[in-house]
Each structure stands twice: as C-alpha cells, then as structure tokens.
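Here is a short walk through a structure. Keep the sequence and the 3D view side by side as you read.

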Amino acid sequence: MTGALSLAYHAESVGVRIGPATLVEDVSIDVAHGELVALVGPNGAGKSTLLSVLAGDRSPSSGTVAFDDRDVRDWTPGDLARRRAVLAQDNQVAFPFRVWEVVEMGRAPWQGLSEADGDEEAIAQALATCDVAHLTERTFTSLSGGERARVSLARVLAQRTRAVLLDEPTAALDLKHQEDVLRVARSLAHDGVAVAVVLHDLSLAAAYADRIAVMERGRIAALGSPADVLTPALIERVYGLPVHVLDGPDGTPLVLPRR
Amino acid sequence: MADAVVTPVGAPGLAPASRPRLRAAALFVALAVLLAVGVIASAGVGQLTVSVTEVIGALLRGIGIDTAWAPSSKITYEALWQIRFPRVAMSLLVGAALAVAGAVMQAVFGNPLAEPGVVGVSSGAALGAALGIVSGGVLAGVVGTASMAFIGGVGATLMVYVMARAGGRTEVVTLLLTGIAVNAFAGAGLALVIFVGDSAAREQIVFWQLGSLNGSRWNEVAVVAVFAVAASTIALALARRYDLLALGERTAGHLGLRVERLRIVSIVLVAVLTGAAVAFAGIISFVGLVVPHAIRMVLGPAHRLLLTGSLLGGAVLLVWADLFARTAVTGAELPIGLLTSLIGGPFFFYLLRRARARQGGWA
C-alpha cells in the first residue's frame, strides 16, 4: 500500500549510538500518509529511540531521516510542530492546569496563523474523540493515569498534523480505552495521517496496524503486514518466549504465550 | 468515541470557562484597591503623619494639578516627595520585580519551590553589589551597583541552572541543595568583602544586606523602574510559552517551542529583576515564592494571569510589609528582609511538606 501513498517518513539506515552503546542500528523504514505502522519489540529494543529520531528530538549517529521530503533536522521547530505531533511515554504537567488548557496547548503551533480560528473546534473535537470532554474543568494533576494519557492524546489530536507519533499510548489504559485509542489512531490514518505507534500488545498491533515493524536489539527483525510478520518462530526468537499465533474470529492474528 | 472522529463538528460546546475570568477580575480589583490604600497609608504614616487628603494633594501637585488638598506646609510637601514617595515607589517596584522573578523561575524550573532568594540568586546579586560598593569609583554608583548585582545574579542563576538540572528535570532536593551551596558560597564571598572593606563600606553593606527600603532616592528608583518594567514586559510577552514548558521540555519542543532559547532569555530576566531589586533594597527573600503561589491558588497556573497577578501582588505585599516594618516598633525600623523571611519561612515549610506528600518522597 505504501506505493500509492505519499511518504511522510523515509528513514534510511538510521543508527543511534551513545558512547559504546548502540541503541538503534541500520534501521530503514517508511511511513506513508494514510498508514498506521506499529513498532513492537521487547523492552530496550530501540522502539522509543527510533520514535524520537523520527520526531526530530535526536540526531541519528548515522543514516538519514527525511520527513515530508526534507531532512527532519532541517525543519524549524515551529514548522515541524505544524506537521507532526508526538505523544511521549511520560506525560506530566508541572502545574495544575485545567484539562481544557492542556489540550489548548496543542494549538500553540498555530498561534497567530489563520488556522488559529479553528482552535475551539479542534479542541472540542479532540476532547470528544478521546472521551475526556467531561473532564475539561478538572485539573490535569487530579486525573488518574488513564485519564492523563487520554487528555495527552487529545492534546496531540488538537495539534491537527499530517503525521502523528505515539509512544506507548495504551500503557496506562484499561481494555476499552486501549481499543478506543487505537481506533482513533486507525481513523486518523483513514483520514490520510501518517501514524507510527509504539505498542507492546502484539494482538492489538495486529488488529489495527497496516504494517508492523518488529525490533530486536536496535535492528528491525521483520517489517510487513501483521499476518506476514507475526509468526511463532520470529516472535519466539525475538522475545525468547514460545507463543501460539491463532486466527482470531475476525481474521486478525492473536498472539498468546504458550503456557 | 470513534464516531466522533467521523463527525468533526458538533462536539459538546464548551466556552473557555468564564468563572476564572470573573475570579481574575475580582482579584485584580481587590489588589488594585489594596495597592492604592497601601500607597497612601505608607506615604502618610511615619514620624511625620500626613493626612490622606494631603498625600493625594501632594501627589497631584507633583504632577502639576493644584488642588485644595495640597499640603499647606512646604516641609510636608518636600518630605513626601523627597523621602516618602521614592520609598513607596521603590517598594512597589522591588515587590513586583521579585514576584515576577519568582514566577518566571518556577516556570523555567517547572517547580513551585524555585525562588531567587531560596536558590541563591539574591545572594549572588548581593555579592555582586557588595563588590561594587567596596571597590568604589564607578561601580559604587547607582548604575554601577545595579550592574554588579545583575552580573552576580546571572552567575548564580546559571550555576543553579547547570547544577540542579538532570535529564531535563529539576528535582526538589537537587534544587534546594544547590541553593544551599550557592547561598553558602555567596555568603562567604560577602563576608570576605565585608572583612576587607573599610568601616564605612562595612556598615553600608551590613545594613543593606538585611534588606531595607530606607533612603531610597529617585535616581535609584528610576534605575530599578527601567529594569523592572522592561523585564516584566518581556516576561509577560513570553507567558504562553511558559505554559507550554509545564508539559516538560521535550513535549514543549514538540509543540514548536525553542526551549533552550526561552531558558536563556528567562535566566537573564530573572537575574535582571532580582539584581535590580537587590541592588538597592538588599536581600528580600520569599516574595517570589509566596506571591506567585497565592496567585496560582486563586487564578490557576496559566502564566498570563499569573505573571500579571504576581506583579500586582508583589507590589501590594511589599508596600504593606514596608509600612509595617517602619511602624511596628516605635522609634526603630525593622529590616524588611527580616520581615518577609519571618512570613516566608513558615510558608516555605508548608510548601515543602506538601510537595513531599504529593510526590511521595524527595523526588
């Protein structure tokens, strides 16, 4: 499907080294507009590092990352913020801002531009989409972990960018909200947004992603459609755990540890 | 949840709450009234008591409007304009500058316990100013002392900033420990300066160090005014960026904020504000802690209101504190720095305990 769509990200043999440690090595990956790519892999496999390179936070030690046909490091912070939004793993707010204010911060890149006229509508829609409209007057610091995660996601949506990077958006969420968040991600992709998501739950990734990149010790061990990538042999090798891969009732693969 | 994506408009209507706006208006009116009353009271009360009408009359005559209220005695008029008014003006400016400096510092450190006095910026500025006083010549002049205080303030702020941050965050314990170190170092420097100075300079430094608005002159007021107004204006212009900083520097960066640049500008602002205040009023601690905190409790943390409220609140606090310092003990004047620490100290304890309870430790 990548061929038909314009590329948001084109990363070529990206490597990240800090001192003697190699966090990411020789990773090449594309993310097209309208596509949801899941990054999976064991802890410390380099998923978050790769995401931060795509986000432009971190310069790769080797290789290049092109974003919207330009090196990601060449964009000014403002231009980048109008083109891609990032949900970090750890979302804290230092002072007791109200939820509405936190989501409004997602509109900051558009301040002073004609798009700012749509602020209220973008905020309201993002709040509704993430199921947090009832929390608008609460302070962020008073929310539960799951509520914080959803409000932070709403902030990312309010930014209205054509690329979205989500680092473990489901980590603090219950079953329903996990599904909800990925459904939101899915519908973003449906609307032409390029979405890259770091996930831990392989079955969840299989159900919602167009493509899955399995990372193993900094490298991409496999990249392709869920059905192609999620084989018992590969997962056992990467995770060191024997698994069953079953056909789910809706046809998507289900990954279960062999117990 | 998912269907809301398909229908873009028509989400539940939510006007940005009008309640906080009302609150803000009420608070600003209250602060303005307190400020006006404080100014008139502070100008009127003292060894020479001047009536309210005479204070107002003298003020008006000073700006060229002659009224029946103007004081009949020339001595009263001169006393007001030579002694009382510059002092009141200085208290307003110093209070506003310190409170805004505190608010900016808390925004940059993402920590409500950051304050120029606590983390050592004030003592750094004091060391600079003291060096200026002792070295004499140009540096002992009004502008010279202010510049030296500014340099000392920048040095101390940079040091705290470099030492107290780890992985993009400032932990309370590191911040306070750094403050202890900076305060100790600046204190030792100050002691050394007093040691080597001649007796006149010594006395000047010791009294000034305690914090006092006594003997404020118009030329000093003018210097503080220029710095305080300029720096506060810039801080207010940056208000919305400070809001973003609350999300953490990485996320703020994702929203297009040039975090490093904002930080450097803010450090200079804090140093200018603190230096201007400290240069002529000595070390007045805790204003930058108490005022922004109180304002935040009423108005919330959004920085446009917080900075404006802190500016007003700081001015109010110091006008009244100075009035109290002058009149609490008959025949003597309490150092105002002592007074603010007396109130600020316990308040700081309370904040510490709360921070500890909330964060579950000294993180």
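Where is the place of T136(A) in chain A? It lies in the loop between α4 (119-129) and α5 (145-158) of chain A. Keep in mind that this is a predicted model.

Stay with T136(A) for a moment. Is T136(A) buried or exposed? Buried means under 20% relative accessible area. The relative accessibility of T136(A) is 10%, so T136(A) counts as buried. Its side chain reaches the backbone oxygen of A133(A) at 3.5 Å. For a sense of scale, turn to D30(A). T136(A) and D30(A) are 106 residues apart in sequence. In space, their C-alpha atoms are 37 Å apart.

Now move to a strand. Find β8 of chain A, residues 194-198. Five of its five residues are buried, so β8(A) is largely enclosed by the rest of the structure. Look at its two faces in turn. A194(A), A196(A) and V198(A) are on one side. V195(A) and V197(A) are on the other. Both faces are covered.

Which strands pair with β8(A)? Strand β3 of chain A, residues 36-40, pairs with β8(A) in the parallel sense, over four bridges. Strand β7 of chain A, residues 163-167, also pairs with β8(A) in the parallel sense, over five bridges. V197(A) has a part in both pairings. It is the bridge partner of A38(A), and it is the bridge partner of L166(A). Next, follow the chain from β7(A) to β8(A). It crosses through helix α6 of chain A, residues 175-190. This β-α-β crossover is right-handed.

Last comes the meeting of the two chains. Here 48 residues of chain A are in contact with 34 residues of chain B. The area buried between them is about 3400 Å². Carbon and sulfur atoms give 65% of that area. F95(A), F97(A) and M105(A) supply 17% of the area that chain A buries against chain B, more than any other three residues.

Polar links are there too. The count between chain A and chain B is one salt bridge. R250(B) forms a salt bridge with D57(A), with the closest N and O atoms 2.7 Å apart. Five residue pairs are in polar contact between the chains. Several elements of chain A each supply at least two residues to the side that touches chain B, among them α1 (47-55), α3 (99-105) and α6. Which element gives the most to this side? The answer is α4(A), with seven residues.

Methods
Residues numbered from 1 in each chain as written. Chains lettered and ligands numbered in written order. Predicted model: local features only at pLDDT ≥ 70, side-chain atom pairs only at ≥ 80, totals over all residues. Heavy atoms only, no water. Buried < 20%, exposed > 50% of the residue type's maximum accessible area, 1.4 Å probe, protein only. Polar contact = N/O pair within 3.5 Å; in protein donor to acceptor, adjacent residues only side chain to side chain. Pairing = 2+ DSSP bridges. Right-handed = clockwise from strand over helix to strand, strands pointing away. Contact = heavy atoms within 4.5 Å. Buried area = accessible area lost by both parts, 1.4 Å probe. Salt bridge = Lys/Arg side-chain N within 4 Å of Asp/Glu carboxyl O.
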